[in-house]
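Please keep the model open beside the text while reading.

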Amino acid sequence: MTKTVEPKEIPYFIKVAGCNNCKVFKSYTSLSGTAYGQNHALHAKCVHMGCDRYGHNILAPFITPLEYLRIGLNTGLRKQAVAKTKKVIVRFGEFYDHRGRLKPWVVKTLSKKKENAQ
């Protein structure tokens, strides 16, 4: 008997490639500027989308591993960026390879969903 493995649901914040690409995050920053405060209506969206259960929301945005490295190179904080990148890869290793890129099955799943949406 062959057993088929259901692909794991890809979290929303990974689907959009980080909170900086999320419509909720963009709305929040345009409404409040860069000062992060409490806007419960928008925070509720983070809960609704499932990001909050992973510890990511408007006040604690998800940053992709490659974005951490880019930020580190641009700011001179390479050591800290590499440490953050490693933590993200360890926590979300089922979605990212050891270099911080999305695994092929994730890219394939996302492209299929995008094709079906069009």
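In what follows, a residue is called buried when its relative accessible area is under 20%, exposed when it is over 50%, and partly exposed in between, with a 1.4 Å probe and protein chains only. The structure is a predicted model, in which local features need pLDDT of at least 70 and side-chain atom pairs count only at pLDDT 80 or more, while totals for chains, interfaces and linings use all residues. Residues are numbered from 1 along each chain as its sequence is written, and side-chain values use heavy atoms, with hydrogens and water left out.

**Overall make-up**

- The protein chain has six helices and zero strands, where helices (H or I, at least four residues) and strands (E, at least two) are DSSP runs numbered from the N terminus.
- Read along the sequence, the elements follow the pattern α-α-α-α-α-α.
- Of the 118 residues of the protein chain, 30% count as buried.
- Taking contact to mean heavy atoms within 4.5 Å, residues 24 or more positions apart account for 46% of the contacts in the protein chain that have a separation of 6 or more.

**Salt bridges**

- Side chains of opposite charge can pair when their charged atoms come close. A salt bridge here is a side-chain nitrogen of Lys or Arg within 4 Å of a carboxyl oxygen of Asp or Glu, and a search of the whole structure finds three of them.
- Lys15 pairs with Glu9, with the closest N and O atoms 3.0 Å apart, and Lys15 counts as partly exposed at 33% relative accessibility.
- Glu67 pairs with Arg70, the closest N and O atoms being 2.6 Å apart. Both residues lie in helix α4 (residues 65-75), three residues apart, which is about one turn of the helix. Glu67 is partly exposed, with a relative accessible area of 23%, and Arg70 is also partly exposed, with a value of 42%.
- Asp97 pairs with Arg101, and their closest N and O atoms are 3.2 Å apart. Asp97 is buried, with a relative accessible area of 17%, whereas Arg101 is partly exposed, with 41%.

**The nonpolar core**

- A nonpolar core is a set of buried Ala, Val, Leu, Ile, Met, Phe, Trp, Tyr and Cys residues joined through side-chain atoms within 4.5 Å. The largest such core has 21 residues, and those with the most contacts inside it are Phe13, Ile14, Phe62, Phe92, Phe95 and Tyr96.
- At least two residues of this core come from each of α1 (12-15), α2 (23-32), α3 (40-48) and α6 (104-117), and α2 gives the most, with three residues.
- Leaving out residues up to four places away in sequence, Ile14 touches Phe62, Phe92, Phe95, Tyr96 and Leu102.

**Packing of α4 against α5**

- The axes of α4 and helix α5 (residues 78-91) come within 8 Å and cross at roughly 175 degrees, where axes are lines fitted to C-alpha atoms, for helices over the stretch in contact, and angles run from 0 to 180 degrees between N-to-C directions.
- The two helices are therefore roughly antiparallel to each other, a label for angles over 145 degrees, while those under 35 count as roughly parallel, 65 to 115 as roughly perpendicular and the rest as oblique.
- On the α4 side, Pro65, Tyr68, Leu69, Gly72 and Leu73 meet Arg78, Ala81, Val82, Lys84, Thr85, Val88 and Ile89 in α5.
- Ala83 also lies in helix α5 and is partly exposed, with a relative accessible area of 38%. The C-alpha atoms of Ala83 and Tyr68 are separated by 9.3 Å, the two residues being 15 residues apart along the chain.

- Arg91 has its place in helix α5 and is partly exposed, with a relative accessible area of 45%. Leaving aside neighbours within four places in sequence, Arg91 is in contact with Tyr54 and His56. Arg91 and Tyr54 are 37 residues apart in sequence and 10.0 Å apart in space, C-alpha to C-alpha.
- Most residues other than glycine have a negative phi. Ala17, in the loop between α1 and α2, has a phi near 65 degrees, a positive value in a residue other than glycine. At 38% relative accessibility, Ala17 counts as partly exposed.
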